Amino acid sequence: MTEERIAKLKYAIQQTDAIFAFEGFEPTPQKRAIDAAVLAGRVTIDQVIDEMFEYAREHKTTKGFIESRSWA
């Protein structure tokens, strides 16, 4: 991922978090871990979506998702 892409993604994450904060929501540790892994280039956003979908389908929850990922 290019530095420009990383900067744009960081900005999008900050803006999204700010919008949710207006509604009283704070990022979860899981979201923070996913954001960090994506920004570090250890995983793509599409990969996270696919893996989380499969995990949730199998386990009926996302609890434990981050702990089960080698890229986290």
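This is a predicted model: local features need pLDDT of at least 70, side-chain atom pairs count only at pLDDT 80 or more; totals for chains, interfaces and linings use all residues.

Trainee: Okay, which residue with a positive phi follows α1?

Mentor: First find the helix: α1 covers residues 3–22. Then look at what comes after α1, where phi is positive, near 90°. That residue is Gly24.

Trainee: How far does α1 reach from its first C-alpha to its last?

Mentor: Start with the length, which is 20 residues. At 1.5 Å a residue you'd expect 28 Å. The model comes close to that, with a reach of 29 Å.

Trainee: Where do the buried residues of α1 pack?

Mentor: The buried ones are Ile6, Leu9 and Ile13. They cover an arc of only 65° around the axis, so they sit on the same side of α1. The face turned away from that side carries exposed residues, including Glu4 and Lys8. As for packing, the buried residues of α1 go against α2 (29–39) and α3 (45–59).

Trainee: Now the rings: how are Phe20 and Phe25 arranged?

Mentor: There are three aromatic pairs by the ring rule. In the pair of Phe20 and Phe25, the centres are 6.2 Å apart and the planes lie at 75°. Planes over 60 degrees apart count as edge-to-face, so this pair is edge-to-face.

Trainee: Is Trp71 buried or exposed?

Mentor: The cut-off for buried is under 20% relative accessible area. Trp71 has 7% relative accessibility, so Trp71 counts as buried.

Note on methods
Residues are numbered from 1 along each chain as its sequence is written. Side-chain values use heavy atoms; hydrogens and water are left out. Helices (H or I, at least four residues) and strands (E, at least two) are DSSP runs, numbered from the N terminus. The expected span of a helix is 1.5 Å times one less than its number of residues. Buried means under 20% relative accessible area, exposed over 50%, partly exposed in between (1.4 Å probe, protein chains only). The arc is that of the directions from the helix axis to the C-beta atoms. Contact means heavy atoms within 4.5 Å. Rings of Phe, Tyr and Trp (its six-membered ring) pair if their centres lie within 6.5 Å; planes under 30 degrees apart count as stacked, over 60 as edge-to-face and the rest as tilted.
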